[in-house]
Amino acid sequence: MEKHKFSISISGSKKEATEKINGLAVLASKLSADTITALAKLVKTDPAKVEAAKHYLGVS
């Protein structure tokens, strides 16, 4: 599989931005493009499901 490099900006403190990009990198390496796209759509359009997922994961 080809690898591609991107430059993005993430809001937050340096620590928070680093944690976010590391999490995104794991998601990108483990999930298909279709799954990531569906997840992004859900995050944008269904806050109740996002809250349920956060509860399941034990994060606030």
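This is a predicted model: local features need pLDDT of at least 70, side-chain atom pairs count only at pLDDT 80 or more; totals for chains, interfaces and linings use all residues.
## Lys 15 and Glu 19

Why do Lys 15 and Glu 19 sit about one helical turn apart? Helix 1 covers residues 14–30, and the two are separated by about one turn because they are four residues apart in that helix. As for solvent, Lys 15 is exposed, at a relative accessible area of 59%, while Glu 19 is partly exposed at 48%.

## Other salt bridges

In total, the structure has four salt bridges. As a general point, side chains with opposite charges can pair up when their charged atoms come close.

Another of these pairs joins the side chains of Asp 46 and Lys 49, at 3.6 Å from N to O. Asp 46 has a relative accessible area of 22%, so it falls in the partly exposed class. Lys 49 is partly exposed too, with a value of 47%.

Then there's Glu 51, whose side chain meets that of Lys 54 in a salt bridge, 3.5 Å from N to O. Both belong to helix 3 (residues 47–57), where they are three residues apart, about one turn of the helix. Glu 51 is partly exposed at 46% relative accessibility, and Lys 54 is also partly exposed, at 28%.

## The largest pocket

Now for the pockets. The largest one has a volume of about 950 Å³. It is lined by 20 residues, and those closest to its centre are Lys 20, Gly 23, Leu 24, Leu 27 and Leu 39. Helix 1, helix 2 (33–45) and helix 3 are the elements that each give two or more residues to this lining.

Which element gives the largest share of the lining? That's helix 1, with eight residues. Sorted by class, the lining of the largest pocket has 16 nonpolar residues, along with two polar and two charged ones.

## The second largest pocket

The second largest pocket holds about 220 Å³ of space. Its lining is made up of Met 1, Glu 2, Lys 3, His 4 and Phe 6, together with Ala 28, Ser 29 and Leu 31.

How values were computed. Residues are numbered from 1 along each chain as its sequence is written. Side-chain values use heavy atoms; hydrogens and water are left out. Buried means under 20% relative accessible area, exposed over 50%, partly exposed in between (1.4 Å probe, protein chains only). On a 1 Å grid over the protein atoms alone, a cavity is a set of points where a 1.4 Å probe fits but cannot get out, and a pocket is an open set with protein on both sides within 12 Å along at least five of seven lines; lining residues have an atom within 4 Å of a point. Grid points are joined across faces, edges and corners, and a volume is the space filled by probe spheres set on the points. Ala, Val, Leu, Ile, Met, Phe, Trp, Tyr, Cys and Pro count as nonpolar, Asp, Glu, Lys and Arg as charged, and the others, Gly among them, as polar.
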